[in-house]
Amino acid sequence: MAPLTPHWVRPSHPEIQEVVINEAEFQSKSLSKVALPAWDLYARLDFPPCTDAAEPTYATVQYGRDKHLNLNSDLLYINHSCEPSLIFDMGRLAVIAGPKGIQPGEELTFFYPSTEWDMAQPFDCLCGTETCRGRISGAGDMTAEQLSGLFLNKHIHELLEQKASNGNGNVASGNGASSAAVNDEDDSSALLGAENLANIARELREASDRAEKAAAAACRALAALQVRQAGLLKAGKKANGVSPAATFNAAASSLRRGPTSRELSGEMGGDTSFST
Ligand SMILES: [Zn+2]
């Protein structure tokens, strides 16, 4: 994020955040001053200093379908990364450590499309991570593949589902009243407790477990299929009456009964049927 002239008293989070500004290169970044385990609370997004914003800007974070807040603090200097160290959990108005936790000196980053549906200024990501998504824009303009495997806020999931069901890439407008009602529920859950954090951790662990199990199951099924395919090709040459293609198709269809794409996507929220 480009340097800006702060209108708040700096530093705003001196105990936990070191802001490094390179004015010559119009760059800034933030480093952690604290060590936190995965999912632990890093900072709350309280009102104030946060204020509601009428429109998204470079200085806002989206926290509902039609709701944006001005951070009004040094948290604005947290850059984007495709392998972020932090999660902005906007339903709970909290910034929490990512799945690897965070160490002092580590750069503070979050995945911008996890909160933003539209982004006025898309950019080419230079995070340099193995899983870099390339062109970063609002989630509404990114592909499912680009968004996979990362925490996304509830309002982003809802908008993605709406986009998918519309089938035309446009999210229907004119539903401001109903979405505002939904968002009011988010407000009431804004108070962050240890229980909420535990829930986030549990949801993320479950999503991770499901993805691992699904991947392992798919690998096993594929290996079994390949063994069977090799055997059938041999048998087919002997023309012993069993159609290799029919048996192969049966095996393939059993593979398709595996995990759903929803499970593989690691999607969060809503699905609480899975218990540990
Ligand atoms: Zn990147």
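Cysteine 82 is buried, with a relative accessible area of 1%. Cysteine 127 is partly exposed, at 23%. Buried means under 20% relative accessible area, exposed over 50%, and partly exposed in between (1.4 Å probe, protein chains only).

This is a predicted model: local features need pLDDT of at least 70, side-chain atom pairs count only at pLDDT 80 or more, and totals for chains, interfaces and linings use all residues. Residues are numbered from 1 along each chain as its sequence is written, and side-chain values use heavy atoms, without hydrogens or water.

**Zinc site**

Cys82, Cys125, Cys127 and Cys132 coordinate the zinc ion through SG, at 2.2 to 2.4 Å. Donors are N, O and S atoms within 2.8 Å of the metal (3.2 Å for Na, K and Ca); water is not among the atoms, so sites may look incomplete. The arrangement is tetrahedral because the 4 donor atoms subtend angles of 102 to 113°. For four donors, that term requires all angles between 85 and 135 degrees. Along the chain, the donor spacing is C-x42-C-x1-C-x4-C.

Cysteine 82 and cysteine 127 link distant parts of the chain, 45 residues apart. Their loops are set out below.

Strands (E, at least two residues) are DSSP runs, numbered from the N terminus.

An open sheet has 3 strands in the order 4-6-5, with antiparallel pairing. Strand 4 (51-53) and strand 5 (60-64) are the edges. Two strands pair if DSSP finds at least two bridges between them. Strand 4 and strand 6 (residues 67-70) share 3 bridges. Alanine 53 has histidine 68 of strand 6 as its bridge partner.

Key: Tetrahedral: all angles 85-135°; square planar, octahedral: opposite > 155°, others 65-115°. Helix = DSSP H or I, 4+ residues; strand = E, 2+ residues; numbered from the N terminus.
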